[in-house]
Every structure is written in C-alpha cells, then in structure tokens.
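This report describes a structure and the surroundings of its ligands. Look at the sequence and the model first, then read on.

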Amino acid sequence: MLCGIMKQCASFKPSPQVQFFFLLFSLLLSCAQIEPSKTEFVFGTVCTITLYDQGKDSVYRDVFARLREIENYMSVNISASDVSRINAAAGIEPIQVREDVFTVIERALFYAQLTDGAFDPTVQPLVSLWGFSDDKPHVPSQPEIREVLPLINAQNVEINRQTRAVFLKERGMALDLGGIAKGYAADEAAQVIKNAGINRAIIDLGGDIVILGEPKDKRPWRVGIQNPNSNPGIFFGVLEITAKDGQQSVVTSGAYERFFEEDGIRYHHIFSPFSGEPIINDLLSVTVIAPIAMDADALSTAVFVMGYEKGKQLIDSLPGTEAIFVFNNKSVRTTGSVDFTITDNSYHLIHN
Ligand code: AMP
Ligand code: MG
C-alpha cells in the first residue's frame with residue numbers, strides 16, 4: 001500500500017465542481033469496493049480515510065463528523081470557533097474553551113517553549129498581515145511587519161487547566177493553530193476508528209498521516225513522501241514504517257504547501273516569529289515521524305523554522321521521533337533508523 005502525502009498549495013483551490021468530483025469518485029470507489037476509502041474536504045484540504053477489515057459507513061461518518069467538529073472549534077476562519085472567541089477577547093478577558101481546544105493550545109505552548117519560540121501559535125497577526133487568511137496574499141512593508149512583531153509571543157498567553165481558560169494578554173494578539181490542529185485531528189480520527197473496533201486504517205489529512213495496525217501481508221506500511229518541487233500527490237521517495245504500539249504518524253511541512261509569488265519571488269506560509277517573514281533557509285521540506293500526530297505536526301513546522309542543525313538536535317533529543325530533511329539542492333538526510341528509499345533519481349540521500 002502506498003499512501004500519499006498531498007498537501008494544499010495556494011494555487012490549489014478546489015472549486016465546488018472539483019469537490020463534487022472528489023466526492024463522487026470516493027463514492028464510486030466505495031461502491032465498487034476497490035479501495036475502502038472516503039475522501040472529503042475538511043481544514044481546506046483533501047482528507048482521505050481508509051478503513052480496512054470492517055470499514056463501515058457509520059464509522060466513516062463518525063470520523064468526518066469529528067473532523068468537522070474540530071475544524072469548527074479550532075479554525076481561525078470560523079467566527080464562532082473557540083479560537084476566534086479567544087482572539088476577539090485578546091487584552092480584555094480570559095475565555096473558557098472546550099477540553100479538546102485547551103489540549104491543543106496547551107501542547108502548542110509546550111512546543112513554543114521547547115523550540116525557544118520557533119514554533120509560536122500566536123503567529124496569526126503575521127499570517128493575516130501577509131494575506132494568507134483572506135486569500136489576498138501580498139508582501140507587507142517593513143514598518144507593518146515591525147508593528148505586529150511584538151504581538152507574536154507565546155509567553156503572553158495565559159492558560160488555566162482548572163478553568164480551561166485562555167487569555168491573550170495584549171490587544172491585537174491572536175492564535176493560529178494551523179501548525180498543530182490537523183495533527184490533533186488525525187489523532188482524534190484514529191481514536192474514533194479504534195473505538196469502533198477497527199484496528200487497521202490510514203488517515204491522511206492533506207499530508208498529516210496516521211497509520212493504525214499493520215498491512216495484511218504483515219510487511220511495513222509504505223508511505224509516499226511529497227516531492228517538494230512537484231505537484232500535490234507526486235512523491236520523490238517511499239518511507240517504510242511499522243505502527244509501534246499500533247499507531248504511527250508521518251507529517252510533512254514544506255515551503256511548497258501554500259505560497260504566492262510577487263515580483264518573481266516566492267513567499268510561503270511558514271513564518272519566522274523573529275523576523276516576521278517567511279522562513280528562508282536551505283530546507284524545502286521536513287517530515288517528522290512520531291507516535292502522536294499532534295507532536296509530529298508541531299515538530300515538522302518547528303524544525304522547518306529552526307533549520308537543519310538545530311532541528312536535527314531537537315529531533316535526536318526526542319525518543320521515538322525521527323525526521324527526513326529535504327534540501328534546496330535536492331539532497332536528503334534522515335535521522336536514526338528511518339527506512340527511506342528515494343524513487344526520484346534527481347534527489348540523493350546523504351548518509352550520516
Ligand atoms: P504546517 O503546514 O503544519 O507546517 O503549518 C503551517 C501553518 O502554521 C501556517 O499556515 C500558519 O497557520 C501556522 N504557522 C506559520 N508559521 C508558524 C510558526 N512559526 N509557528 C507555528 N505556527 C506557524
Ligand atoms: Mg505543522
């Protein structure tokens with residue numbers, strides 16, 4: 001089984017017709033029982049769930065219902081979401097949130113601390129300034145960037161576990177959980193599937209992948225890794241993994257996912273919280289392999305921001321966590337025991 005990492009890019013905006021086609025396609029597949037999978041659009045991206053053995057319609061329905069619930073509570077683009085309510089109350093008052101929203105914010109703040117602010121869930125004013133939240137991306141002026149930079153500071157988020165309250169201390173601050181929420185959603189999808197008694201499945205939320213159990217032939221799962229220089233769904237190599245303790249996740253962050261071009265320069269959606277600009281280093285993408293997708297998601301974004309040297313040090317310090325780094329010059333490095341085979345010969349693996 002080769003399951004693909006397909007990530008959204010700015011130029012990929014599914015029209016209603018395309019969405020309809022995907023839904024019809026997935027329906028036809030499930031009717032024909034060629035592939036027991038279902039695809040829907042959630043989190044603005046293509047989400048495919050594949051249930052093996054007893055893949056019942058009701059389980060698919062429950063999984064997608066849970067995904068939409070998470071989107072409704074965590075999206076910064078939905079005005080009634082818990083995250084939007086927190087943002088609207090910035091500098092005014094703490095807001096009590098649902099348990100799941102609190103869990104993700106707490107973990108995001110943990111990673112902000114662990115990465116010395118490279119991962120920062122208060123990055124929203126930058127995402128908005130660069131026009132990624134309203135689909136009108138453009139390069140802001142340096143004074144505009146300087147004005148919002150003091151607002152990007154995870155240390156100014158106060159949380160209270162007992163009351164599940166979240167408070168942004170400064171007016172104008174805003175959370176954006178885009179770097180971690182999809183990973184959490186993938187973990188939650190896995191939980192719904194396991195609760196239904198299904199032990200073998202693949203969850204692919206636009207490239208945040210969770211595998212459950214093992215393939216029928218007991219061999220490792222084979223996961224295609226997105227070619228960062230190519231269209232969504234085109235792989236440059238294959239990762240072989242097994243699900244330790246029944247579950248494993250693979251999450252990729254890259255400059256290719258969402259971007260725009262101005263005056264011939266490409267600007268993407270992962271920001272340095274220190275300069276206020278899209279990260280420029282020698283990396284094209286970072287894939288993180290970890291038991292929990294929420295962790296892999298935060299780490300892939302964080303390591304992309306930190307760059308290879310610091311990022312590798314961080315990954316090496318975390319037990320059970322591995323990474324694949326793809327560089328601008330098409331060289332590839334992996335950590336520890338990653339079993340990765342390049343299938344596109346224009347890339348080459350550098351052995352450590
Ligand atoms: P991912 O695709 O998981 O790497 O997440 C990218 C998304 O995370 C962006 O679209 C932003 O919403 C958000 N983001 C951008 N830069 C950062 C950062 N330095 N720390 C945390 N989240 C970020
Ligand atoms: Mg991420």
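A polar contact is a pair of N or O atoms within 3.5 Å. The model shown here is a predicted one, and the contacts below are computed from it.

**Ligand 1**

How far from an oxygen atom of ligand 1 does a polar side-chain atom of Thr301 lie? The distance is 2.7 Å, which is within the 3.5 Å limit for a polar contact. Taken alone, ligand 1 exposes 500 Å², and the protein buries 95% of that area.

| Residue | Part of the residue | Atom of ligand 1 | Distance |
|---|---|---|---|
| Thr301 | polar side-chain atom | oxygen | 2.7 Å |
| Asp120 | backbone N or O atom | nitrogen | 2.9 Å |
| Phe271 | polar backbone atom | nitrogen | 2.9 Å |

The shell around ligand 1 consists of 17 residues. Asp176, Ser253, Phe271, Asp297 and Thr301 are the closest of them. Sorted by class, seven residues of the shell are nonpolar, five are polar and five are charged. Helix H8, residues 293-306, supplies the largest share of the shell, with three residues.

**The magnesium ion**

Ligand 2 is a magnesium ion.

Gly179 has 17% relative accessibility, so it counts as buried. Asp297 is buried as well, because its relative accessible area is 4%.

**Helix H7**

Helix H7 covers residues 181-195, which is 15 residues. From its first C-alpha to its last it reaches 21 Å, close to the 21 Å expected at 1.5 Å a residue. Why is H7 described as largely enclosed by the rest of the structure? The reason is that 11 of its 15 residues are buried. The buried residues include Lys182, Asp187 and Glu188, along with Tyr184 and Ile193. After H7 comes Gly197, which has a positive phi near 85°.

Phe43 is not a glycine, yet its phi is positive, about 55°. This residue lies in the loop between strand E2 (37-42) and strand E3 (45-51). With a relative accessible area of 19%, Phe43 is buried.

Lys330 also has a positive phi, near 70°, in a residue other than glycine. Its loop runs between strand E15 (322-327) and strand E16 (331-334). Lys330 has a relative accessible area of 25% and is therefore partly exposed.

Ile292 is placed in the loop between strand E14 (283-290) and H8. At 39% relative accessibility, Ile292 counts as partly exposed. Ile292 and Gln248 are 44 residues apart in sequence, and their C-alpha atoms are 6.8 Å apart in space.

Note on methods
Residues numbered from 1 in each chain as written. Chains lettered and ligands numbered in written order. Predicted model: local features only at pLDDT ≥ 70, side-chain atom pairs only at ≥ 80, totals over all residues. Heavy atoms only, no water. Near = heavy atom within 4 Å. Polar contact = N/O pair within 3.5 Å; in protein donor to acceptor, adjacent residues only side chain to side chain. Areas by Shrake-Rupley, 256 points an atom, 1.4 Å probe, with all protein chains shown as cover. Helix = DSSP H or I, 4+ residues; strand = E, 2+ residues; numbered from the N terminus. Nonpolar A, V, L, I, M, F, W, Y, C, P; charged D, E, K, R; others polar. Expected span 1.5 Å × (residues − 1). Buried < 20%, exposed > 50% of the residue type's maximum accessible area, 1.4 Å probe, protein only. Donors = N, O, S within 2.8 Å, 3.2 Å for Na, K, Ca; no water.
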